[in-house]
Amino acid sequence: MKILLAITVSIFAAYQANAFSLTMVSSCETSSRRAFMQSSAAAAIGAASLVSPKIANAGPPIYTLDSGIKYAVTKDTDKKQYPQSGDIVAIEYTGYLTNGAIFDGTHSEGKSNALVFKLGGTAVTPGINAMVSEMKVGQKVQAIIPPELAFGDKGICLDDGECLVKPGSTLVYDIYLKKSAIPPP
C-alpha cells in the first residue's frame, strides 16, 4: 500500500501577532481518512513548535498623582531640575480628546513656538499646572487629565452651542517640558 502524501506547510509569522497559517495538500493513492488526519495533525504540531510566541513588551509604568491625573513617562532625562511654583516654564504639548481627536497643540498650523507660562498661574488648566510641576526639564509624559482639572462643566464651547471640548470631558495630553527658569525680580 503505497501512500504518497505531500504536505505543504506555510508559516506566516506576523511581527507582533505571531500568527501562522497552514495549507495542506494531499495526494493519496490508497489512503484512509484516518491516516490523512493523523499525518496532518503531526504536521500541524510540528509547524506549531517552530513558531515560538514572542513575549509582549510591557508599556511604561502608569503613575497616579493625588489629584487623580494618570501619566506615563514617554521620554526620561538624567536632569534633576524640577520647576517650582512661580517659575516661568516652556512646554510643547498636544491635547487629545479621548476618541483620539486633537483639539489643540503647540505644533498646530500657524504655531511653532512653545507655550510659555508662569507655573501655578491661570494661563493653563489646573491639570497642566499639576502635571508640569511633577516633571523634570527635558522629560516627556502622556497624561490623562480628569474633567475637574481640565475644562470642567464648561468645556470649550461657542456661543451657538457647538463645543470643541464637551463639558465634563477627560483629556489626554502629550507634554514635553523644554525649559524652566526663575522669574525676573
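Colleague: Which residues touch the most other members of the largest nonpolar core?

Modeller: This is a predicted model, in which local features need pLDDT of at least 70, side-chain atom pairs count only at pLDDT 80 or more, and totals for chains, interfaces and linings use all residues. Residues are numbered from 1 along each chain as its sequence is written, and side-chain values use heavy atoms, with hydrogens and water left out. A nonpolar core is a set of buried Ala, Val, Leu, Ile, Met, Phe, Trp, Tyr and Cys residues joined through side-chain atoms within 4.5 Å, where buried means under 20% relative accessible area with a 1.4 Å probe, protein chains only. Of the 25 residues in this core, those touching the most other members are Ile91, Phe117, Met131, Val132, Tyr173 and Ile175.

Colleague: Which element gives the most to this core?

Modeller: Helices (H or I, at least four residues) and strands (E, at least two) are DSSP runs, numbered from the N terminus. Strand 3 (88–97), helix 2 (126–133), strand 6 (140–145) and strand 9 (171–181) each give two or more residues. With 4 residues, the element that gives the most is strand 9.

Colleague: Against which strands do the buried residues of helix 2 pack?

Modeller: The buried residues of helix 2 are Gly127, Ile128, Asn129, Met131 and Val132. Contact means heavy atoms within 4.5 Å. These buried residues pack against strand 2 (70–75), strand 3, strand 5 (115–118), strand 6 and strand 9.

Colleague: What percentage of the residues of the protein chain count as buried?

Modeller: The protein chain contains 2 helices and 9 strands. Of its 185 residues, the share that count as buried is 28%.

Key. Buried < 20%, exposed > 50% of the residue type's maximum accessible area, 1.4 Å probe, protein only.
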